[in-house]
Amino acid sequence: MTLIKQIQDHIFLKQLQSKGEVFFVGGCVRDKFLHKQSKDIDLLVTGIPINEIIDTIKPFGRIDEVGKSFAVVKFSPVGWIGAAIDIAIPRTEKPSGNGHKDFIITSDHTLPIEEDLLRRDFTINSVAMNTKDESIVDPFDGMNDLLNGIIKMTNPQAFIDDPLRMMRAVQFASRFEFEIEDATFDAILDNVEKIKFISTERILEELEKIVDPKKCGNPFLGVALLNNTKLYQTIFNTDKVMQVRQPIDFDAESIDLLDLNLPRLDFMFELIRPLTNPIQAWLDLHGDIDTANGIKALLLASQFNNHKSINPRVARRVIFDMFKISNVSVTSTIINPILQATAKDMIANVYPISLKQLAINGDDLIALRMK
């Protein structure tokens, strides 16, 4: 049963419907028509003040009022499993600065739902569905853009109001393999310098979604869009572009690498490899230490790419394991000399790095009754 269906059958919703109109909004509506399962549900309620909403739903679950000043509450009905449901009344936003959270928010339960949809980022996220009869409210033709695979800003001020939306445009395009329409693409180019006003943590969050194959439908499309929109060059203050190599395979030979999350690491490495100091660039984004270690391992392993006798995947795995068991300072710009020497030993075949290079094999062990 989908989350939408579960909510439609719940008593708290029927109580709200008896007092006002309740709509599914945002990503859950988009995902429904893309035939994808949503993890988050957002409800928009018109005709009921936020305090009355709280009183109405309080008997049916747990309420978190942390966002009440913005007329938003999080609600977990009794027996609900998963993320809390966001319940809000219509609001308008006016920018008060250049940051992601620099807005003056005005909430009003009497506002038409179209006013609330106008403040949202893209037309595919600016569609609402009535919880009672599933009728659609679509003032910006978002359903047509969904059907045609188009990312289009809801209003011309979208990226001026919130520059992080430029990253989200790339993220949605690569996740759903959609096309960014021309006017929206041009608006990103016009406003790309504003991405510098966004915190590195938020930028990194979107980058992770763009390049992680487990979260993204087509990371290679995301990489190309980061280059072509100049977001990559602006974020990392470089005139270089990220090189897109052949897609990473997931065959039997490399299946063990999935445990190390290396498909994601491969893309993240490619993202920052063109930079003068990739590791420092990652740390400047406040990236995690494990990934920094992985990037160092990939820097070392990359020297095996043109060495015929050594599989670079095997070399990378060995080096990555060495980072895990050794105390290496990832903040150092110099690769640990012991690791560097070991990499050279691997090239010189000083010791075996694959099962085929061992002097004995499984049959020898069985012959010695060591099965």
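These legends go with a set of close-up views of one predicted model.

Residues count from 1 along each chain as its sequence is written, and side-chain values rest on heavy atoms, with hydrogens and water left out. Since the model is predicted, local features need pLDDT of at least 70 and side-chain atom pairs count only at pLDDT 80 or more, while totals for chains, interfaces and linings use all residues.

**View 1. The whole protein chain, before zooming in.** The protein chain holds 18 helices and 11 strands. Helices (H or I, at least four residues) and strands (E, at least two) are DSSP runs, numbered from the N terminus. Of the 371 residues, 48% are buried; buried stands for under 20% relative accessible area, exposed for over 50%, and partly exposed for anything in between (1.4 Å probe, protein chains only). Take the contacts between residues at least 6 apart in sequence, and 64% of them join residues at least 24 apart, a contact being heavy atoms within 4.5 Å.

**View 2. Strand β2 and its two partners.** Strand β1 (residues 21-25) pairs with β2 in the antiparallel sense over 4 bridges, where pairing takes at least two DSSP bridges between two strands. Strand β5 (residues 85-88) pairs with β2 in the parallel sense, over 3 bridges. For a handy landmark, look at L43: this β2 residue is the bridge partner of F24, and L43 also has I87 of β5 as a bridge partner.

**View 3. F12 and the nonpolar cores.** The largest nonpolar core has 81 residues, and F12, I87, M167, F236 and L271 have the most contacts inside it. Helix α8 (residues 164-176) gives this core its largest share, 8 residues. A nonpolar core here is a set of buried Ala, Val, Leu, Ile, Met, Phe, Trp, Tyr and Cys residues joined through side-chain atoms within 4.5 Å. Zoom in on F12 and, skipping neighbours within four places in sequence, you'll find it in contact with I7, L43, I57, F60, F75, P77, I85 and I87. Another core lies apart from the largest one; it has 9 residues, including F23, L44, A88 and A128. As a general point, nonpolar side chains tend to be buried together in soluble globular proteins.

**View 4. E206 in helix α10.** E206 is in helix α10, which spans residues 200-211. Is this residue buried or exposed? E206 counts as buried because its relative accessible area is 1%. Leaving out residues up to four places away in sequence, E206 touches L164, M167, R168 and Q171. With Q171 there is also a side-chain polar contact of 2.9 Å; the term means a pair of N or O atoms within 3.5 Å, and within protein one must be able to donate a hydrogen and the other to accept it, with residues adjacent in sequence counting only if both atoms are side-chain atoms.

View 5. The whole structure has 12 salt bridges, each a side-chain nitrogen of Lys or Arg within 4 Å of a carboxyl oxygen of Asp or Glu. One of them joins D9 to K5, with the closest N and O atoms 3.7 Å apart; D9 is partly exposed at 43% relative accessibility, and K5 is partly exposed at 39%. D116 and R120 form another, at 2.7 Å between the closest N and O atoms, and here D116 and R120 are both buried. E193 and K196 meet at 2.9 Å, N to O, with E193 partly exposed at 47% and K196 exposed at 52%. Then there's a network: salt bridges with shared partners link R202, E205, E206 and K209.

**View 6. Two loop residues with positive phi.** E134 isn't a glycine, yet its phi is positive, at about 60 degrees. E134 lies in the loop between β8 (128-130) and β9 (136-137) and is partly exposed at 35% relative accessibility. D141 isn't a glycine either, and has a positive phi of about 60 degrees. D141 sits in the loop between β9 and α6 (142-148), and its relative accessible area of 40% makes it partly exposed.
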